[in-house]
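Please read this briefing with the sequence and the model side by side. Topics are grouped so that each can be checked in turn.

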Amino acid sequence: MNNAALQALTESIACDYFNRSFEHRAYFNRYLRTTGGRYLLESHDIEVNPKQYEKFGEEALVDIIKHELCHYFLHLDKKGYQHRDKDFKILSKHVDAPRFCAPLESYESRANYVYQCTKCATEYLRIRRVNTLRLRCGKCGGKLMDVIDNK
Ligand SMILES: [Zn+2]
Ligand SMILES: [Zn+2]
């Protein structure tokens, strides 16, 4: 996934979950370490940690983007846009977004399923079961196999 695809995904999530349009930029920043993403108050842009996508796939990206869009829309509306604010709690619950910018570890501990590419052996962690007939390896396009149930 490149920045253009991330931008398109962010715009569609804004439309689908928030019923609004995202008018700024969303892009990957590989220097993010502790968070899956962040919202920049000055530029209104959203940065996403590419490692989240590489490790956990689109499902994790959607969670991150929803979370950052909560910051984004509340900030633009001059409402409580911080984690502790009531507006934030209500909106994140409404769109089913995690309340915190999930760090790698927390997603990892929530993942119940492990899949491995049969060609390049890359591992994928998922919270929900996936259809291995449909989902392919993000790196090489190989078939995925069910490795083990984590929990
Ligand atoms: Zn946040
Ligand atoms: Zn592969």
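Helices (H or I, at least four residues) and strands (E, at least two) are DSSP runs, numbered from the N terminus. With elements assigned in that way, E42 is found in the loop between β2 and β3. This is a predicted model, in which local features need pLDDT of at least 70 and side-chain atom pairs count only at pLDDT 80 or more, while totals for chains, interfaces and linings use all residues. Residues are numbered from 1 along each chain as its sequence is written, chains are lettered from A and ligands numbered from 1 in the order in which they are written, and side-chain values use heavy atoms, with hydrogens and water left out.

- For comparison, ideal angles at a metal are 109.5 degrees for four tetrahedral donors.
- C117 counts as buried because its relative accessibility is 2%, whereas C120 counts as partly exposed because its value is 34%. Buried means under 20% relative accessible area, exposed over 50%, and partly exposed in between (1.4 Å probe, protein chains only).

**Annotated residues in helix α3**

- An unreviewed UniProt entry places the annotation "active site" on E68, and UniProt positions are given in the numbering used here, with feature names shortened and annotations that may be inferred rather than shown by experiment.
- E68 lies in helix α3, which covers residues 58–76, and E68 counts as buried because its relative accessibility is 1%.
- The annotation "binding site", again from an unreviewed UniProt entry, covers H67 and H71.
- H67 lies in helix α3 and is buried, with a relative accessible area of 1%.
- H71 also has its place in helix α3 and is buried, with a relative accessible area of 9%.

**Helix α1**

- T10 is placed in helix α1, residues 3–18, and is buried, with a relative accessible area of 0%.
- Leaving aside residues up to four places away in sequence, T10 touches F22, A26, I65 and L69, where contact means heavy atoms within 4.5 Å.

**Domains and their interface**

- The chain is divided into domain 1 (3–108) and domain 2 (111–149), with bounds that come from an automatic or database domain assignment.
- The C-alpha centres of domain 1 and domain 2 lie 25 Å apart, and seven residues of domain 1 are in contact with seven residues of domain 2.
- About 640 Å² is buried between domain 1 and domain 2, and carbon and sulfur atoms give 46% of that area; buried area is the accessible area (1.4 Å probe) that two parts lose on being put together, summed over both.
- I127 lies in the loop between β5 (123–126) and β6 (144–149) and counts as buried, at 16% relative accessibility.
- I127 and E59 are 68 residues apart in sequence, and their C-alpha atoms are 8.5 Å apart in space.

**Loop residues**

- H44 lies in the loop between β2 (37–39) and β3 (46–48), where its phi is near 70°, a positive value in a residue other than glycine; H44 is buried, with a relative accessible area of 19%.
- D96 sits in the loop between α4 (86–94) and α5 (104–110) and has a positive phi of about 60° although it is not a glycine; D96 is exposed, with a relative accessible area of 59%.
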